Amino acid sequence: MHSKAHPCDAEGVFLPPGTPLPPLTEKTPDDWTPYKSCVEFELADYLFTKNQTPTHSIDHLLNIWAASLIQAGSKATLFPDYHDVYRTIDNTPLGNVKWQYFSVKYTGTIPDEGAPPWMADSHDVWFHDPHDMDLQPYHEFATENNECQWQDFMSGDWGWAQADIISKDADTHGSTFVPVILGSDKTTISVAMGQNDYYPLYTSISNVQNNNLKPAMTKPEVARFGDGHYRRVVYGLGPYIADYEEQVLLASHADVLIEEYDSGTLWFEYSLVGKLVPFTNDFPRADIHELLVPDLLHQLIKGAYKDHLVDWVEKYLLQMHRKRQANIILDDIDQRIAAVPPFPGLHRFPQGRHFKQWTGDDSKVLMKVYLPAIEGYVPTDVVHAFHTLLEFCYLICCNIITEKSLIKIQDVLTCFYTYHEVFRTTGVHSMTHYVSLIQLFGILNGLCSSIMELKHIKAVKEPWRCSSQYKALGQMLLTNQRLDKLAASCVDFCICGMLSGTCLSSVLALLGSAEVLDVDEEEPSTARTSWRKQAQSVPALASKLHIPHLVDLVRQFLTEQLYSDKELTEVPVSIMDCPHFDGRIHVFNSTVSTFFALSDLSGIGGMKHKYIHVSPKWRNGHAHKDCVFVITDPNAHGMRGMDIAQVLTFFPFNLGSSSTGDHAFAVVHVDTIFHSAHLIPVYGTDLLPSMIKPHHVLEIFTLFYVNKYADHHSFEIAC
């Protein structure tokens, strides 16, 4: 592979190795162009981007602000009205890529009767010309066993093969290959106000220039990268993200139907247009049949899980039981789902799965808690089918996938088909392509139609709501362009170190008077009151938690801390000889667990954190006490070296690490807490009473499943 991404100058001439970077920006630290100050920029960004404030509300706020400034003796005010806010944003020199458009119209044969309206209408296509910067392809191998592993998109075999192709041409040799990742998905804004359908096409391109992309697929052009260097760039169409219906349309998989039926039958019976040719035919090195990637959202989460497995469970229960008994069981499954204890980031379903429309996010959450709820009501093979599908979904979404992972994915897939043979005829055969596509394109959790679902909100639906909703497309595009300009300004100001603090701190620094604010460092009275309500000694805490032997547990904890490196003969045997603590304590209701993701121990995104709560009255309601993984054997792999514990409180000791021991209650060092744990009861076969709520579950049940599917970190711990 000879695509070395050599740096060059702005004219495309390769530079000698070690040539210093050209300056990233000529901006001075006080140049807020087109804004007058940091205050103006942050106000514009807040009003337009963060708060999406309506125009009349902007004017109202600016009037109040101007009045307060004048009342305070200032002659200077901020923006006079919303027109000035928008005008200033539009004058931003960065992100100044104009929207362009062209019109298209169907030119084929129109049936004499029953022709759909689109055949006669003219359709506007609006676009940005996309350009991008990206890294060179690479193959990554683990240092300990030389095992190949896949992570980012450019670690896949497809990018490597494309770079090999362009390196064979003398004109493109040494250039950087930049794949253009595309995604499309129809979205409907409003049915009641007319069928306002939009067909946005999204790309991974961020550095956009106002010229055509296609010529740069065969002849290099010069682009500036994030590291400040110029490089010669060759573009190419990369993976295309779409749901199944659009994949069929894109790939023209309907060749047989097109040959068999006339154009009218194709449209009215199959929603197909005759004489379709894949759009990639006119682009170099592009084969749409190779570039279509799996759709995790529609194929696995909504498809295999919701539309097949969940529906199959309901049909099974109705078939095996009378309707009345089946409904009782389904209601109990809902009750079990509703009673699942809370977990950080896991949404709750107080009514179970009984709601009219499942979104993709709903399905993702229900997948995590559904399996224990159906156990005891369905055959073992059905439970195994759910289990293997969940394993498959989590394995393919790991941050790093190794050769061993691919073998495990294939084994899980084989088990899935074994446990649920009927799925061979329901479309889940697409799962068989995932292993080869991971090798081509890297991990797949970044290539999913759920990306478009999220983009629809920011790029289409929110701008539509901000428009007059009459001929809204031009207004929506203008909103998107202003958002681009504000985002570009924010990045530019950050590079220059102009947004390092808050708006207030920058003004104080400019005035050179940090004493302008009268800071009262005394603790607020509400905080003092809450501290007085907390236990301030170990005996008082023992009484509050109803743990009479807490004092002895603290002694054992101190012994483990202070004598961890001592000979066994030096360690006190009697509890009365163990060190004791009679000082004052402070009780805390939460802490933050900071940890490395097990699949990315050395990556820049590997460090994670999660809040652990121990609240006596969560949101003024019932107690909320999280469960955690506690490290008991640092040398054991994953969960084998951990215990599961429910946290009752936090109180500080300034000592080292500890072990939990074999106590029903134990005092452990906060450093031994690795990550939150989610427990779901083993419900058995009895109906769960409706009065059982999530805050009861951990106290009532004695046998639990550790929910490895609560999040990807829990899955990695349990593997």
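A patch is made of residues with over 30% relative accessible area and no salt bridge, with nonpolar side chains (Val, Leu, Ile, Met, Phe, Trp, Tyr) joined within 5 Å and like charges within 9 Å. A salt bridge is a side-chain nitrogen of Lys or Arg within 4 Å of a carboxyl oxygen of Asp or Glu. The model is predicted, and its local features need pLDDT of at least 70, side-chain atom pairs count only at pLDDT 80 or more, and totals for chains, interfaces and linings use all residues. Residues are numbered from 1 along each chain as its sequence is written, and side-chain values use heavy atoms, leaving out hydrogens and water.

View 1. F102, V104 and V125 make a nonpolar surface patch of about 210 Å² (accessible areas: Shrake-Rupley method, 1.4 Å probe; for residues, only the protein chains shown count as cover). V125 belongs to strand β3, residues 122–127 (helices, H or I, at least four residues, and strands, E, at least two, are DSSP runs numbered from the N terminus). V125 has a relative accessible area of 30%, so V125 is partly exposed (buried is under 20%, exposed over 50%, partly exposed in between; 1.4 Å probe, protein chains only).

**View 2. The largest nonpolar core.** This core has 66 residues, and L317, I333, Y370, F386, F392, I396 and I409 touch the most other members (a core is a set of buried Ala, Val, Leu, Ile, Met, Phe, Trp, Tyr and Cys residues joined through side-chain atoms within 4.5 Å). Two or more residues come from each of β5 (148–150), α9 (296–320), α10 (323–338), α11 (360–374), α12 (380–396), α13 (403–419) and α14 (434–441). The most come from α12, which gives 11 residues.

**View 3. F392 and its neighbours.** Leaving out residues up to four places away in sequence, F392 touches L300, I409, V412, L413, M431 and Y434 (contact: heavy atoms within 4.5 Å). Another core, of 28 residues, lies apart from the largest one and includes V178, V180, Y235 and I241.

View 4. In α19, residues 538–545, the buried residues are V538, L541, A542 and L545. Seen down the axis, these buried residues fall within an arc of 105°, so they line one face of the helix (the arc is that of directions from the helix axis to the C-beta atoms). P539 and S543 are exposed on the other side of α19. The cover over the buried residues of α19 includes α20 (550–562). After α19 comes H546, whose phi is positive, near 60°.

**View 5. The chain as a whole.** The protein chain has 22 helices and 20 strands. Of its 719 residues, 41% are buried.
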